[in-house]
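Dear colleague,

Please find below the structure that I am handing over to you. My notes on it follow directly after.

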Amino acid sequence: MRNINISHYLKAHKYLITDIVFVLVCFFSLLVFKGGLLFHMEQYSLFVWDLEQFSVFMDQPGGFLALVGTFLTQFCHFPSLGALFIAFFLWLLAFLIRTAFRLGESRWLISFIPSIFLLLFICRLDYSVFILKTYGMLFSQILGLISAVSIIFIYRKWFESGNHQIIFILSSVFVFFPIIGIYAMIPAIFVALDKKDKKVVSFLAAVIICICAPLLCSFLPDIYQRINRKYVFMAGLPYMEFQDNIICMIPLFLAILTILIIPFTKKVSLRFSVLSLTVAVVLLATFTNWDPNFRAVLSMERAISCNDWNAVLSLAKQHQEPTRVQVLYRNIALFQKGRLTEDMFKYPDGSASLRTRAHIPISYVCAAPVLHYCGMVNSCDRLVMETSASFSKNIYFYKYQARNAMLRGEYELARKYITIVSRNWFQGKWVRRHLGLLDNPDAMKTDGEFSLLLALMRHDAGKYDAVEPLESMLLRNFSNPEYVNEQIYEWQMATLLTWKDSQKPIFCFFNRANLFPGSHVTNGIAEAIALFASMTGDTGLMSNLVDILSSQKFILRKFGDFSNSMNMTRDPQSERAREQFKKPYGNTYWFYYFYNNISALL
Amino acid sequence: MKPFIISLLVLITVSCSSPGYQGAEKATDQLELYPDYADIMIPCNIAPINFDVLSVSDRCYVEMSGGDKTFILRGPKVRIPERIWHKMLAEAKGSRISFKVFVKREDKWLQYDPFTCTVVQESIDSYLTYRLIEPGYSNYGYLVLRQRDLSSFKERDLYNNALVSGRVEQQCINCHSFQNYNPDVFQFHARHTDGGTIIVTEGKGTKIEFMTGDMISNPVYPSWHPHENLIAYSLNSTSQLFVAKGNQKVEVYDTKSDLVLYDVDTEETRYIVRDSLSLETFPYWSADGKTLFYASAYLPDFGADLSTDLSMITEKIRYNIWSVGFNPQTKEFGTPTLVFDAESDSLSAVTPRPSPDGRYLLSGVGRYGSFHVWHESGDIYLTDLETGVTHPLNEINSPRAESFKSWSSNSRWIAFTSRRDDGSYTRIYLAYFDAEGNAHKPFLLPQRDPDQNHRLFKSYNVPEFTTDKSSWTPKRIEMIVHSDLHHATLIK
């Protein structure tokens, strides 16, 4: 009896239960697998509520979608909240489709398909999220389709019975095209095809109207002064992102196509609906971007934003074949923990390429935090300014620009940047901390984070003219072997050892040893100097080294063992030898020197 | 009904009653305003000088008086209605408008010492055109040439690159220049997508490609002859160095530069000055069109020659201001004459701007180099062309970079860009220049909401006066940008 009751309950509430399951699945999927992405999109966004910003958005047809999308993106500061909003809007779209198209029992599952494609659009996003020009993309396309289906709903509710379809098409396109862009065409097409008689006439009229509205917008002299005619038929779509990468827009097109096809599916069976939905889900699972390195990069970026260096290091340990971005983030975290050259070779190293369709230099991905935390504030500023001019301004960049300005003593400029950050929601903690330092700049000298940066800024790398890869910039900056202070020395050695420079580290090491006899030598440096000193064949040098490392003789002994093993190995560069050496020496500089490929640094 | 009427009457009564600051005590602290509009000279046709009272207050009122009229404005965000303001300007022309600021603090009204603005008789040109651009280095995004009506807050785009690029492709637009304050005769360069120099004369526009032969570059800095269809251009091979430490973030320098003259009617170009040992740049015509001013640096003066890597000696390169006579009938140039020997004072002078009345010359001066917008030492100097004496315009200079400047057509107003606000984003300042050759305290270009200056993350670039707004619209100019290129001929 009880089983029959449950079964009866489920049948009676199948729509509600399916909706709840759909929302929960979307919510948890986004939260668990794309939480880092949501936070990133919020940081790479900027919402300023004033008339000027409003007019910038409304100066393009469909700009209203981006405006609302940008507003909602603020909630992604808390990925759970962002995921909830996205899940809700995806459900709302499905609900409206079901209602507007009056989908019966056999077709109601189809109502989820456009939402699944929109979810796929979000889940496919890759490193291109670092070079976005469009704001609000997480929400704007969902809102576009919701608006389109809402117009259809209004038509079905109040205008269907009359005989004024052409007027409805005309008014809805001309009214809504400026607001929601190309999405205003969907109801026009639907209304034209929904007409009982003279379908061809009404369809042709709809097509003509749909073509005229954008063309009028682009040709009339006094409206839309910033519209490019070439893209007017993509108004409201994120065409700026995918010009060379149109394949990434396919999920969007599929979502739109599904909605247009729905009116023609009146006779499909429940089985077909289930099959269609299954195919959509399989496509979602197959084409979602599951790249673990991408997830790690986003998670590390978020951890750095929160100054959670332990989290960064924990993530660094988990990925055995990291990208250079992860390696650089790891190094920043190690430096903050005071363990850069001590531990950097104990972590996985690598040069995995960024898995992305577009060619994206890593400087676009991580230059801001890397250069900033290396004390290269002018270089950080330059790259941030270039990137934000080319792509879009956002909270993330403004935060670094504010900090750079504070470090340079440009307090009015810093306040300008902090003010714009403060106008976005959920930035209060960051704003309060930095305004506090701005009101008392001397406090930066004793602040743990800023004092480190100020120490790094004592280094002057002069002038440079080239636009270089990021790690080349680090090398150029830290290649001067003169000793300035411990912080700069750490980065000098870390950079030189990364590039396998065997000369300058020797100079730096012995110079420091002379300046500060008896000072602590980190394991990484000791290992490297042992190797480089042996490569010179200079016995006097080796003897000096032994004296300096008198408390770390185990390193010299271990190096001796390593050298002997290498000498006895027939082909030390072979994969077999690599595996052989990995276990005993995998966490040493020697393994890094002989078995890591640094061509990717260039 | 009765209680409603009583409430309404009370509300009306309260609204009409005096703000209550009569008998206010004198404030002991200094009044803080943004922008600082205290004791400035303003033209009789300027837009309202809206300002914010930054001094702490619970309530704030401002009494604005001019002639025999007084208006009470609510603060701390003081927004003067345009109609009232222009009436006030008309009343106070030749005299002063005074502002009395009253603040309520801890239940006590305080009054600050009033400040005044002098309304000078001379008007300012109606429009100012400028470019808005990020203070970046090489990359750019959305760029716009914008015209601002100086008597109101209205702005309109003259042209913007979104029309052509849609932010997908890239198009740089720069170096806008008008002929003799005429808004319908102008030129600017478009680079990269649909690139070319856009030259617009009365009712007609063409797109020109100049690069030909051994020219070192496309034309860069322009100057229209005031009444002939001739444009003087510099050709510049420009490089940048990025500075790793300090507040000066970039160094821009020329490795080569020459001057050419372009005939708009015949589409022919010829050299004005072409000395491989000199860097000639920033040409500018005098108002009568008989003299061309320009800046020049002679390499041997700082131990350089053709083989020298100039990136190593940027801080030694110094420019002087020269002039050369020009016969508009024969189109021949005379012998160059030194106007301002900045190098002898260990300075570098560029961007000469002669006044329309022919009496004075403004230059941009710094410790070295040519791109002073990036130098905190960048200041504006004035040369009296009658006496030959040059001095810094201390009244308008600041510790930060002052750069591009422009005279109004009556030689009484100077518009210039300055980084004095935050060291990074240039803003436009206007200053009165009287008939005795004195500059007066500059003031920030009025905005409807002064806070816009803090919210705007672009720099104002190359402010140029025109006497009216242009009849050209962005879409009309877009047609020229999409049109076929005309190729200029280089005459040797």
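A helix here is a DSSP run of H or I that covers at least four residues, and helices are numbered from the N terminus. In this predicted model, A:Phe591 and A:Tyr595 both belong to helix H30 (residues 589-595) of chain A, where they stand four residues apart, about one turn of the helix. Both A:Phe591 and A:Tyr595 are buried.

Over all chains, 82 aromatic pairs were counted. In one of them, A:Tyr44 and A:Phe130, the ring centres are 5.7 Å apart and the planes meet at 85°; an angle over 60 degrees counts as edge-to-face, so this pair is classed as such. A:Tyr44 sits in the loop between helix H2 (14-43) and helix H3 (51-58) of chain A, and A:Phe130 in the loop between helix H6 (113-123) and helix H7 (137-159), so that the pair links parts of the chain 86 residues apart. A:Tyr44 is buried at 6% relative accessible area, and A:Phe130 is buried at 1%. The pair of A:Phe591 and A:Tyr595, by contrast, is tilted, with 5.0 Å between centres and 40° between planes.

As to chain B, it holds five helices and 37 strands. Chain B carries 50 positive and 62 negative side chains, and the centres of the two sets lie 8 Å apart.

With kind regards

How values were computed. Residues numbered from 1 in each chain as written. Chains lettered and ligands numbered in written order. Predicted model: local features only at pLDDT ≥ 70, side-chain atom pairs only at ≥ 80, totals over all residues. Heavy atoms only, no water. Helix = DSSP H or I, 4+ residues; strand = E, 2+ residues; numbered from the N terminus. Lys, Arg positive; Asp, Glu negative; His and termini not counted. Charge placed at Lys NZ, Arg CZ, Asp CG, Glu CD. Phe/Tyr/Trp six-rings, centres within 6.5 Å; stacked < 30°, edge-to-face > 60°. Buried < 20%, exposed > 50% of the residue type's maximum accessible area, 1.4 Å probe, protein only.
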